[in-house]
Amino acid sequence: MSVTAAGGFTAAGITAGIKDSGTPDLALVVNTGPRRAAAGVFTSNRVKAAPVLWSEQVVKGGRISAVVLNSGGANACTGPKGFQDTHATAEKVAEVLNEAEPGTHSPGEIAVASTGLIGINLPMDKLLPGVEKAAAELSPHGGEKAAIAIKTTDSVHKTAVAGGEGWTVGGMAKGAGMLAPGLATMLVVLTTDADVDSSALDSALRAATRTTFDRVDSDGCMSTNDTVLLLASGAARVTPGYEEFAEAVRAVCDDLGRQLIGDAEGASKDIRIEVINAASEDDAVEVGRSVARNNLLKCALHGEDPNWGRVLSAIGTTSAAFDPDRLNVAINDIWVCKNGSVGEDRDLVDMRFREVRITADLAAGSESAVIWTNDLTADYVYENSAYSS
C-alpha cells in the first residue's frame, strides 16, 4: 500500500536525528529499473524552497533514479547555503547508491524533498550520515517506513495503491497543514511498475493533480515546498492504455488527497463542497474555493450549525456567473436555501457525523467541481501557535 507496492522500487525510512523528537525523519526511495522515467509537479508559490528548485531541474530531464526526503526542516528561505545543502544531499545519495551499483546514479537524477519549519538550515552533519543509514536499509518492503519518516504534524502516515492487470501504481503522502493549491505542505511520491515514458507520466500526473490535490483546500495557505513526483520502473513490462493508466494515477491521488483532509490539523469535520450548474469549470472551482476558505462558515460547521447564509456570502465574493435570486444550497442533502432565500427547515440537517456535504447550485450552466476542506477548530489554532516551539 505504498511506494514499494509497485515492482522495481526499494525504500527505507530511518531516524537521522534531524528532528529533536527522535522520531523517523529521513526517507529514501530508489528506482531499480529497468526504466527510470519520471514527472513532477511543484508548488506555484513564488517563494520556493531549495529542494523544489533543485527537483524542478531534475524532472526536466525526464529521469529520476532516487528520491530523498526529510522531515524536520523545510530548507526554505535559507539562501545559497540551502541550495548547496540540497546539492550535497543529492551528491551523497548518488555516491552511496553507486557503491552498490557503480556508475548507475547521477546527482542530476536524484530528486530532493524537504518539509518542516521555514528559515532553518538543515543539520547536514546528521542528514548526510542518515543517507548512508537509509541506503543500508533499502528494501522492497520499506514503503511504510518511508511514509512514516516524512510526517511532520501528520497524526498518521498516508499510503494508497491502484492499478490494472499486471501493473500497479502506489504512493505515499505527507501533509496536515498549509494545505491549499497549487498543490496543497504536501510531499507525495507515486510509483508505478508500468512501462510508461516520461511524457505520458507528465500528462497523467498533471491531469490527476488538477482534480485531486489542487482541489484540497484546508486552510488557504500555500506551501513553499509542495512536491508531487511520479516514477516509473517498467519492471512489470506492461504498457497499459493511457486512459486506464491515468485513471489509476488519479485514483491514488484522490485517495491520498482525502487522507490529507482527514488528517488536517485540528479538524473534526471533512467538508465536501460540490458546485453544480456553473457556467464554466473555472467558475465552479472559484466558488468552491471561496466557500472552502470562509472561516465563518468553517467555524459554524465545527459547531454543527448549518449556516447556509455564509455559503451565499462566500459565493457572492466571486466573479462567477450567477443570478443571486436563483442560487440554491443544500447541506447534507437538505436544500436549506432555494432561489436565494429560505428553503427547507435547517433543523432537518443532520450534522452529527464527520463528513459534511455542501452543494451549491449556481443555476448558470452545466459545469461542476468538487473542493474538499475541513472545519476551523481551537485545536488548529493551538497547534499552529505552538508549532514553531
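This is a predicted model: local features need pLDDT of at least 70, side-chain atom pairs count only at pLDDT 80 or more; totals for chains, interfaces and linings use all residues.
Residues are numbered from 1 along each chain as its sequence is written, and side-chain values use heavy atoms, with hydrogens and water left out.

**Exercise 1. Describe the build of the chain.**

Step one is to list the elements: the chain has 10 helices and 15 strands, where helices (H or I, at least four residues) and strands (E, at least two) are DSSP runs numbered from the N terminus. For 389 residues a compact globule would have a value near 21 Å, and the chain, with 22 Å, agrees. Step three turns to burial (under 20% relative accessible area with a 1.4 Å probe, protein chains only), and buried residues make up 56% of the 389 residues.

**Exercise 2. Work out how α1 and α2 pack.**

Begin with the geometry: α1 (residues 50-60) and α2 (residues 79-100) have axes 8 Å apart and pack at an angle of about 50°. Axes are lines fitted to C-alpha atoms, for helices over the stretch in contact, and angles run from 0 to 180 degrees between N-to-C directions. Angles under 35 degrees count as roughly parallel, over 145 as roughly antiparallel, 65 to 115 as roughly perpendicular and the rest as oblique, and α1 and α2 are therefore oblique to each other. Next, find the contact (heavy atoms within 4.5 Å): Ala50, Pro51, Leu53 and Trp54 of α1 meet Gly82, Phe83, Thr86, His87 and Ala90 of α2.

**Exercise 3. Work out how α2 and α3 pack.**

The axes of α2 and α3 (residues 124-136) come within 10 Å and cross at roughly 25°, which makes α2 roughly parallel to α3. The contact is made by Asp85, Ala88, Thr89, Lys92, Val93 and Val96 of α2, together with Met124, Leu127, Leu128, Val131, Glu132 and Ala135 of α3.

**Exercise 4. Find the buried residues of α1 and what covers them.**

First, pick out the buried residues of α1, which are Ala50, Pro51, Val52, Trp54, Ser55, Val58 and Val59. Then look at their cover, which includes β3 (37-42), α2, β5 (110-115) and β9 (227-232). Finally, follow the chain past α1 to glycine 62, whose phi is positive, near 75°.

Technical notes
The radius of gyration is taken over C-alpha atoms; the globule rule is 2.2 Å times the number of residues to the power 0.38. Buried means under 20% relative accessible area, exposed over 50%, partly exposed in between (1.4 Å probe, protein chains only).
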